[in-house]
Amino acid sequence: MKYVDEFRDSEKARILAAEIAALTARMAIPPRRPLHIMEVCGGHTHSIFRYGIEQMLPKEIELIHGPGCPVCVLPMGRVDDCISIAERPGVIFATFGDAMRVPGSRKTLLQAKAGGADVRMVYSPMDALTLARNNPARQVVFFGLGFETTMPSTALTILQAEAEGITNFFIFCNHITIVPTLRAILESPELQLDGFIGPGHVSMVIGTTPYDFIAADYAKPVVVAGFEPLDILQSIWMVLKQIAEGRVEIENQYARVVATNGNAAALAAVARVYELRDFFEWRGLGSIDHSGVKLRDSYAAYDAEKKFIVPNIKIEDPKACQCGEVLKGQIKPWQCGVFGTSCTPESPLGALMVSSEGACAAHYQYGGARQPVEMR
Amino acid sequence: MNVISPRRLGLVHVPNVTLAHGGGGRAMKDLIDDVFLSAFGNSAPLEDQARVTLAELARHGDRLAFTTDSFVVDPLFFPGGDIGKLAICGTVNDLAVGGATPLFLSCAAIIEEGTNIELLRRVARSMAETAAQAGVQIVTGDTKIVQRGACDKLFLTTSGIGVIRADFCSGVHLAEPGDIVLVNGVLGDHGAAILCARGDMNLESPIESDCAPLHGLIDALITAAPGIRCLRDATRGGVATVLNEIAEASSTAIEIDESATPLREEVKAFCEILGLDPLYLANEGKIVVIAPPEQAQTALAALRAHNLGTEAAIIGLVTNAPAGRVTMQTIFGGRRIVDMLVGEQLPRIC
């Protein structure tokens, strides 16, 4: 397939893997302290497992699967709030499919649907707006979820609803923002990271300049990467090369999509509709200041949190669940006490097991239920 | 079955099914006559059971095969097929993969009040055409009408009886290290066609379901390569699920080669856009074949010689360890595990 196969060329991959191995050998990395490179984005995590990229890397390089799966970091209390909105008579609750199975404290949206709540799976917030247009007597609530990647499409949908004068459309806003989260990870004392594979889709919106502080303040290299396997392999090589040459820079491997200053129209829509929350709760990571957004007061008429009373109760993560440690790269998914036993994709305990972009689910699906077989 | 004097078949004169058509009286008889019996061309007197002479069965082999399957596909009509064709092919194929000659089918229909009669006639005609093509007779059936909302338009259940040829013995537990894994053509067409037909994605595509009765292909295959260890139709859960079941049951490992798996360009593109893995997409006309190495080329040639196997391919190899695990050499040169389907099944594809 044109423009896809080129980025999956096994011959180019072989050459690149050999380059990485040679560079690693020259760097003389001690085996007891391998290099830790975090891919921030869940899309990268999925590609890494799907194409078996870890098996192509020397033992001295370990990939740490970061927090960039918005479904995975959604706390139980917010899921409970979703369900309480969805179960109100007259409400149609529209959501992306992968949020349906995220466990709340008592049930999932899928279970709420089975119990009679009108929960609909949509592929875009515009589909939710269509539901509102076609069901004027109902209140349609869209579950706004995701980093800067999906933030603009939710914002534009609100602007469209405003332009059409649609009054039965609401957003339950759970959008989160990447930079404070990266800062929180970098501030974490247990963390030993040597570099980042930067998120591609988020950067398409925000550009690469917001990451400058990672190089300036924390002296870590960042390479913003595309999602095809060659993109990822090349980005790993670029991070390594920075480390080997003693450089600390923000580089852009995904220049065919990501502009340095991002997408001005998308950023304008985001700025118009949202403002930062004081703090937002993350599953596994706890509360992070300024890491979420809410609708501005001028768009309060579309805000489900203002329209409906939500319980807004903070629910502790299950005790046995070690998602936080996995997210921060302190342990591997299979080192968690409940991985593959009481926590499986069929019945997830922790958030990382829910979405196929979550490190644990990806590991379980493509790496097997136990520590992966040695396949080097 | 005896043919007694042909009776006049009743007709339905209203456009839609009502609860009266399920009441057991004249209206129900008219519905069964008009929709099902007229299509199936079955002129035997109606009894509560079909009667089959054992001698007739014994001509085909030495073991009886018996199977059942329900069909709730949404939408009822899709490119390449409809629920009626699917209901015949699904049960015929479940018999055929065991080495059985499919002979007799039952058909039970659960119909939602308000369903259009002409729609039912189209489904029944499609069932009749497919049954004729597959050489099976629909010999018994049942009809129930439920109130609006209690089912979605039409659900079908077919059960089937076939007879297994005496020279063939297969089972998922019989795969051995060294065996070769084959498929009879491009994968994932049915799953992709149904998802496109639903219209949720606003994608238009020329992808058609591969829904087809496979008994002829399988008969030719077994005749050419009688040592075949096992055959499975790769329906819900796709080829990945079938391979896992075989690896688990036979305590072997299976290695497949991504670059060798046949895929239509449109299905590839469809999967790229939606983030789906074609190995997990449903097929309704594709089988996974495990052949001993010395018969692999014969099996491949036999598949390719049949019009439902022209794009057949060898996709992998059975090895000995780790038992129960399926791995894939990715097109990128890495390796990964191909596990059982987890997470959301795409609902109502068959």
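What share of the contacts in chain B with a separation of 6 or more comes from residues 24 or more positions apart? The legends below take this up, starting with chain B.

This is a predicted model, in which local features need pLDDT of at least 70 and side-chain atom pairs count only at pLDDT 80 or more, while totals for chains, interfaces and linings use all residues. Residues are numbered from 1 along each chain as its sequence is written, and chains are lettered from A and ligands numbered from 1 in the order in which they are written.

**View 1. The fold of chain B.** Chain B holds nine helices and 13 strands (DSSP runs numbered from the N terminus: helices are H or I, at least four residues; strands are E, at least two). Residues 24 or more positions apart account for 85% of its contacts with a separation of 6 or more (contact: C-beta atoms, placed from the backbone, within 7 Å). The C-alpha atoms of chain B fill a box of roughly 65 × 55 × 30 Å along the principal axes.

**View 2. Helix 7 of chain A.** In this helix, residues 178–187, the buried residues are I178(A), T181(A), L182(A) and I185(A) (buried: 20 or more other C-beta atoms within 10 Å of the residue's own, all placed from the backbone). They span an arc of only 100° around the axis, so they sit on the same side of helix 7 of chain A (arc: directions from the helix axis to the C-beta atoms). Their packing partners in chain A are strand 1 (35–41), strand 2 (61–68), helix 8 (200–206), helix 9 (212–218) and strand 12 (286–289).

**View 3. Where chain A meets chain B.** Here 26 residues of chain A are in contact with 20 residues of chain B. On the chain A side, helix 1 (10–27), helix 2 (42–50) and helix 14 (359–367) each supply at least two residues.

Technical notes
Two residues are in contact if their C-beta atoms, placed from the backbone, lie within 7 Å. A residue is buried if 20 or more other C-beta atoms lie within 10 Å of its own, exposed if 12 or fewer, and partly exposed in between; C-beta atoms are placed from the backbone.
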